[in-house]
Amino acid sequence: MIYWDHNASAPLRPEVAALIEQRVRDGEAVVGNAASVHGAGRRARARLDAARAKVAAALRCEPKEVCFTASGSEADALAVKGAYAAVRKKEPARVKVVVSAVEHPAVLGAVRQLGGEVALIRPGADGRVDAGAMLAAVDERTAVCSLMWANNETGVLQPVAEVARECRKRGVRFHTDAVQAAGKVPVAVGDADLLSISGHKLGAPVGTGALVVRRGVDLEALVPGHQEWGRRGGTQDALGAEALALALELATKDLGTSALRDRFEQLAMKLDGVRVNGAGAPRVPNTSNLLFEGADGEALLIALDLEGICVSSGAACASGSLSPSHVLLAMGLTPAQAHASLRFSLGSNATEAEVDQVADALRRHLPAARRA
C-alpha cells in the first residue's frame, strides 16, 4: 500500500507505539487520576506535567498555556467559541468574527453556532488570504479573528504572523488552526492568542489534541470543570498527552523537504490538463492538490485505491459528501473543477519509487476517469 493521505491521518509513529506498549505493560495506561493525591494520581500528574512541558517547548510557550483536548476540532471550537464568549462578557458590543473562507469545518461550524456577525474573507486564486483584506475587516466590534496556518486541502500557508501581530495591537483575540502546519513547518505561538494542534496528524493516536491559550487570555469552557485550569472539564488522559507530546517532539525535529512532492508534481503536470491548485503560493512541503481537467475525481480516486494507492478528494472530514470543496470554490474553481481535484499528502517515509508508481498510475487511469 502507498499511503499518501497523511493530512487526513498519519500512521502511528513506532516510538509512540512503543511508549503506549510500555505504559500498558507497566500497568499505567489508564491507572491513576491526575487530580488524585495518592501515589497513582501523583504519578499520572507527573506524566501529564512532563507531556505539557514537552508540548510547550515545541511550540515555544509556557506549560500552563497548554490545554489538552480530544482533537484538533475540539481545540478549534474551544478557541473560537470560548474566546468569543469571554470577550462578549466584558465587551458586549464586540459581536463580530473575522475568519477566512478556507478554514477547516471545525472553525467555520463553530463560527456559525455563535450567531453573531461574520466577515468571511476569500483567498486569492492561489488559495492565500491577503493579510490586508483580512485586517480591513477587523474593527472595534470584532471579538475574534481566526486564520489557519496551513490549509488542509491545498497546503497553502497563510500570513498568520502578520495578522496575529496586528490583531494583538488592536486588542482583538486571534486564533490560528495550526493542525496542518505543526510538524511540517516551524510553528510557534508568537503573537497569537490561541493555537490548535491535533495528535493524529503527527503520528499520535486519534483522540489527542491541544490548544495553546496565551497567558492573560480569558476563555469560557465548553465543558465545565476544574481540569486544565478550568478551560476543559473531564479527567485528563495522561497517556494521550504523552503520546501527543512525543509525536510533536519527533515531528518538529524532522520537518522534511518538498523534494519528493515537487518531483511528483513535475511528473503529473506532464499529463494533459493537470495543474496544481495553490501553485505559486507558499505551501507545506508534503501536499499536492491536483486538478485533472475534465475527469471524474471519484472515479480516479477509486482506480488508484484499487492499486493500493490511498489519496483523498477534499478534506477527510467531508468524505462521502457530494458537495464540492468549499476551499477550492473559494479559490475560484467551478464545482466541476473541484470534483476533478485530488489531494496527495505524502509522509516522511515516501520514496522516489512511490512517486514514480503513483505518477504512472495517474497516466494509465486518467483517460478512463475523463471518459467517466
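## Before you start

You're looking at a predicted model, where local features need pLDDT of at least 70 and side-chain atom pairs count only at pLDDT 80 or more, while totals for chains, interfaces and linings use all residues. Residues are numbered from 1 along each chain as its sequence is written, and side-chain values use heavy atoms, with hydrogens and water left out.

Helices (H or I, at least four residues) and strands (E, at least two) are DSSP runs, numbered from the N terminus. Two strands pair if DSSP finds at least two bridges between them. Axes are lines fitted to C-alpha atoms, for helices over the stretch in contact, and angles run from 0 to 180 degrees between N-to-C directions. Contact means heavy atoms within 4.5 Å.

## The seven-stranded sheet

Seven strands make an open sheet with mixed pairing, in the order β2-β8-β7-β6-β5-β3-β4. At the edges you'll find β2 (66-69) and β4 (117-121); each has a single partner strand, so one side of each is left without a neighbour in the sheet. On average, neighbouring strands here are turned by 20° against each other, direction ignored.

Now zoom in on β3 (residues 96-100), which runs parallel to β4 and is joined to β4 by five bridges.

## Helices α3 and α4

Helix α3 (residues 72-90) packs against helix α4 (residues 105-114) at an angle of about 30°, and their axes are 8 Å apart. The two are therefore roughly parallel (angles under 35 degrees count as that). Who makes the contact? From α3 come Ser73, Asp76, Ala77, Val80, Lys81 and Tyr84, and from α4 come Ala106, Val107, Ala110, Val111, Gln113 and Leu114.

## The three-stranded sheet

There's also an open sheet of three strands, ordered β9-β10-β12, with antiparallel pairing. Here β9 (274-276) and β12 (341-345) are the edge strands with a single partner each, so one side of each has no neighbour in the sheet. Neighbouring strands are turned by 30° against each other on average, direction ignored.

Three bridges join β9 to β10 (residues 287-292), and these strands run antiparallel. Arginine 275, for instance, has leucine 291 of β10 as its bridge partner. Helix α9 (residues 297-306) lies across β10 and β12, at about 35° to β12. Helix α12 (residues 352-371) lies across β9, β10 and β12, at about 30° to β10.

## Helix α8 and its neighbours

Helix α8 (residues 259-268) and α12 have axes that come within 10 Å and cross at roughly 25°, so α8 is roughly parallel to α12. On the α8 side, the contact residues are Leu260, Arg263, Phe264, Leu267 and Ala268.

Phenylalanine 264 also forms an aromatic pair with tryptophan 4, edge-to-face, at 5.1 Å centre to centre and 85° between the planes. Rings of Phe, Tyr and Trp (its six-membered ring) pair if their centres lie within 6.5 Å; planes under 30 degrees apart count as stacked, over 60 as edge-to-face and the rest as tilted. Tryptophan 4 lies in the loop between β1 (2-3) and α1 (14-25) and phenylalanine 264 in helix α8, so the pair ties together parts that are 260 residues apart in sequence.

Key. Parallel < 35°, antiparallel > 145°, perpendicular 65-115°, else oblique.
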